[in-house]
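Hi,

Here is the model we talked about, ready for you to open. Have a look first, and my notes on the pockets and the ligand follow below.

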Amino acid sequence: MNNTINIINQDALSALQEIKTNSVDLIIADPPYNLGKDYGNNHDLKGFDEYLTFSLDWLKSAYRVLSNDGTIYVFMGVRFVSYLFDILDQKLGMYFNSWITWHYTQGMGKKKGFSPRHDDILMFNKSAKFRFNLDSVRVPQKYFRRRNNMTGANPGDVWEFSHIHYSNPERENHPTQKPEALIQRVVLASSNKGDLVLDPFAGSGTTLRVCQQLDRNCIGIELNPEYVILIKNRLKERFIEFDSIDPRTNRIPRDLPNRVDVKPMDLFGNN
Ligand SMILES: C[S@@+](CC[C@H](N)C(=O)[O-])C[C@H]1O[C@@H](n2cnc3c(N)ncnc32)[C@H](O)[C@@H]1O
């Protein structure tokens, strides 16, 4: 593999200034959600307006460095996702592509109200012309049907991936590590081998690790020097397989029951 993986230990706002305009093919941004998480040398708790100003500032820079046929994915929690949508859509005039829901089955329990079990991922393009490698990310169909594409279905915009649990050997010492298979889907769908991927909030280095294995070049920016050490060590580890999987990946398409009581609704494919 000849790809280059660069880690920059700096504030994303200043590091982004040093990246060339239109030079990045794909941005995967998982910023702090402003929920008070402890990221060691930075505490994720700003005032409401301060957080929106921070978001607008880094997103403006991200827009500048993104190539004209590039794509950005922004992870966000429910509290601020609509404000970030507004920045991408209205303030930056980007092209809305998909609002992805990442569903997981474990998390904090709420006593009054429904326990949160998803994060949102906003996908925007810089122009109407962009790459999307659907064939690289198809999942097995549920049923054999003549009208289904039997090479696999579009994964849709609700994705299920388990968190990497603290008991898991692949769990890094970072509070919000994302599953590698989720990032793998994003990288495969929206970049090609040799492309440049940018992660302005690298955390435990999931994006860098995935890019390292998928032959993409990658720049990761991370404010906390301890996480930078963690990333460097993670990149040196022997690779066996990604640490997570979409449960549909192992699905084997089934024959449809040949019964007269199957209603048209039951037959909808999922291309
Ligand atoms: C949500 S986490 C990213 C997790 C990452 N996707 C992973 O899989 O591990 C956000 C990260 O952004 C870092 N961070 C916070 N403010 C930053 C800033 N202004 N510039 C760069 N990194 C920052 C935090 O230290 C934290 O590691």
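Helices here are DSSP runs of H or I at least four residues long, numbered from the N terminus. With that in hand: helix 3 gives the most to the lining of the largest pocket, three residues. Bear in mind that this is a predicted model.

Staying with the largest pocket, there is about 850 Å³ of space in it. Its lining comes to 30 residues, and K37, Y104, M108, D119 and H163 are the ones nearest the centre. Besides helix 3 (78–91), strand 5 (118–125) supplies at least two of the lining residues. Sorted by class, that lining is 13 nonpolar, nine polar and eight charged residues.

So where does the ligand sit? In the second largest pocket, which has a volume of about 540 Å³. This one is lined by 36 residues, with P31, P32, Y39, N42 and F201 nearest its centre. Helix 2 gives the most here, with four residues.

Now the ligand itself. It has 22 residues around it, and the closest are A12, D30, S204, T206 and E222. By class, this shell holds ten nonpolar, eight polar and four charged residues.

- S204, through a polar side-chain atom, at 2.6 Å
- H174, through a side-chain N or O atom, at 2.8 Å
- K178, through a polar backbone atom, at 2.9 Å

On its own the ligand would expose 610 Å², and the protein buries 96% of that.

Cheers

Note on methods:
Residues numbered from 1 in each chain as written. Predicted model: local features only at pLDDT ≥ 70, side-chain atom pairs only at ≥ 80, totals over all residues. Heavy atoms only, no water. Near = heavy atom within 4 Å. Polar contact = N/O pair within 3.5 Å; in protein donor to acceptor, adjacent residues only side chain to side chain. Areas by Shrake-Rupley, 256 points an atom, 1.4 Å probe, with all protein chains shown as cover. 1 Å grid on protein atoms, 1.4 Å probe; cavity = no way out; pocket = protein on both sides within 12 Å on 5 of 7 lines; lining within 4 Å. Sits in = over half its atoms within 2 Å of the grid points. Nonpolar A, V, L, I, M, F, W, Y, C, P; charged D, E, K, R; others polar. Points joined across faces, edges and corners; volume = space filled by probe spheres on them.
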